[in-house]
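Q: Please take a close look at one part of this structure with me: the place where two chains meet.

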Amino acid sequence: MTIGSTPVKYRIKIDQDLCMLCERCIENCSYGVFRREGQKIVPDFRKCTACHRCIAMCPRDAITLEEKPNDYRSHPLWTREAREAIYNQANSGRIILSGMGNAKDYPVIFDRLVLDACQVTNPSIDPLREPMELRTYIGKKPRKIEINTVKEGDYELKTKIAPNLKLETPVMIGHMSYGAISLNAQLAMAKAVNKVGTFMGTGEGGLHKDLYPYQNNMIVQIASGRFGVDINYLERGAAIEIKIGQGAKPGIGGHLPGEKVAEDVSKTRMIPLHSDAISPAPHHDIYSIEDLAQLVRSLKEATEWKKPVFVKIAAVHNVAAIAAGIAKSSADAVVIDGFRGGTGAAPRVFRDHVGIPVEAAIAAVDDKLREQGIRNEVSIIASGGLRDSADVTKAIALGADAVYIGTAALIAMGCRVCGSCYRGLCPWGIATQRPELVSRINTDEAAQNVENLINGWTLELAELMGAAGINSIESLRGNRDRLRGYLLDEGIMEVLDVKMIGA
Amino acid sequence: MPDTITIDAKDMHYTPLNKKIREAVNDGAKEIIIENVLGQRFIGNGLRGDDVEIKVKGVPGGDIAMFMSGPHVTVYGNCDHAPGNTMDAGVLVIHGSSGDATAHSMRGGEVYVRDDIGYRGGIHMKAYHEKRPVLVVGGQAKAFLGEYMAGGILIVLGMNQDFAVNERGIGSGIHGGMIFVRGDVDENLLGIGAKKEQADMDDLKTIRIYIEKFADYFGFDSDEILKSGFTKIVPASARPFANKYCWE
């Protein structure tokens, strides 16, 4: 062992004057950082992931944690991360696994876009006084509608409308599977979306029976592993989503290690206990856009054309052409997941380096579909690192019909973005299957938190729309005149098709 | 409603055809004969009915019996790609050959193909408790047979052929289930994660029931088939990717 150990990342301090030796830090830390030695609590810095559970649960605020400054010789190229990744791989010869979203410091385009507001030339709208239409329908819309006159002043719709999802807010929760996250985490989010009138995804891990009461607000996912997929599962969902790709790891599949395939996970996924759950990169019945169309139609046929079918792809360079193909495949919505999308586990090299930002992808897809005259026939759902209502508003103004949030919903339930989800030891009870950790989530309280978050964002969205003189989400969708680029280069402005500030 | 219903599929689109099949099942038909099938996809998709028998005359298109849960379907002709895709329960008997991805991700039930299958046969088949899917191929299978297989039994007989499987990628990433190939298989054709063994008496006992059914469906002598030696291909490990990753 010539490499030796690397410097610790986090330093924990315990104020011995404040500490009353209640040992809650020991009980709460699933990584085993703390131990008691006589009349002292002693931390093992090296085990710490900065999950903050100890700090949050300390009744005396006796614990502080700081990210320890880099104590390697400073170098702009050979950063701490670069060096430690090399040490890690020199020791193991393996692929480095990581959690959460992209950890590279790429500029965030959302932060270089500002929203416009009305002043005197046209009036803003006060959402307290005026009705604001935030209801959104996701699914295929007819090219035109025909009506029959039944009798004078009374009409009936002649055109058959395809099934759509009715959202009371354009904010949905994306797919995080049972297995990757806990049942209590899924249950809390399911209760929240049911209350708010929106939807969440099951992920590719099947639908646990405890979620059946919320099935009308669930979008069931079918990925290449086809875990938990049978006709009952397809019929239970309000919609079906085919997962082709994921923003956190475009071009590769998923892999839930056997350790996480506990009794109930195995039952829900319909695979043997503790076997690996492998979703290979491609669906082996899809090798072309025609094959994709066949799967879309096959799902529709199996569910008697009663469910909208979405197709989720990672945002990649030719995303617009792919989305156009999807739009023509009978799919009802295309989900674009940007490169800041979260994940329970992804090779670090993928998470940090593959894909494109969702902002550019939404604009490119919206443009292409408009160009081809089919934008109105398919909905666009955007996801991948949306942090607040401003990101939601900007995503819609760039061309999305609705958004999926993922990490934000987890943060609402306590997640501190420590990025160690793949270890299955999440002390917040989210990315774990250990019963003692899962039980840390009170589903009613966590549901209330998620509900509050979505309600808060929805109120802000209405205010932002009102300020821009817009009273319906349909008028915001693709309304890039409400956006201006601030310190964005000309090339990106062209892709986004937005004007510069001051213009 | 009579027990037997005949549907003429000539020039019929798959959606009305499937609708008619569903209606017949809902009305209590026990035998449904579909005549003049020519390329219609998705026949019997998601169809339930443990006591329903469907006879398909002609050549169906892709994804026949996909998500199917219960019925017994017999096809008197070849099948296009992915018959039995993600099938849950029931039986599919094909009097001919079938295309690529036959029995893809099948989770339960049995598929019998008299002749050959295309590429990626039995790929991603998986098992759970009593759900143990079975694919029996009378003729030859192409490359990538049983890749990522997570459970179930796949049998390739190679009748009237020099080899049952003579293409690469057999069982790549296999982490559950068993592949039985009549005769020998060149070691070099195995994918990463697969290993071959000689099938023993217990194995032959396991597959006998399915070989007998195969022989019964297509008029072969099961004893004659079982006389030959079988190669068994199984996972080298239940955790093929366990040593691929390290933590950040």
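Which residue of E12(B) does A:Leu97 stand opposite?

A: A:Leu97 stands opposite B:Trp247. This is a predicted model, where local features need pLDDT of at least 70, side-chain atom pairs count only at pLDDT 80 or more, and totals for chains, interfaces and linings use all residues. Residues are numbered from 1 along each chain as written, chains are lettered from A and ligands numbered from 1 in written order, and side-chain values use heavy atoms, without hydrogens and water.

Start with the strands. Strand E5 of chain A and strand E12 of chain B (residues 245–247) run parallel, joined by three bridges. Two strands pair if DSSP finds at least two bridges between them. Helices (H or I, at least four residues) and strands (E, at least two) are DSSP runs, numbered from the N terminus.

Now widen the view. In chain A, 50 residues are in contact with 42 residues of chain B; contact means heavy atoms within 4.5 Å. The area buried between the chains is about 4100 Å². That is the accessible area (1.4 Å probe) that two parts lose on being put together, summed over both. Carbon and sulfur atoms give 55% of it. A:His284, A:Gln294 and A:Glu301 supply 17% of the area that chain A buries against chain B, more than any other three residues.

Charges meet here too. The count between the chains is four salt bridges, each a side-chain nitrogen of Lys or Arg within 4 Å of a carboxyl oxygen of Asp or Glu. One of them links the side chains of A:Arg348 and B:Glu248 (3.5 Å, N to O).
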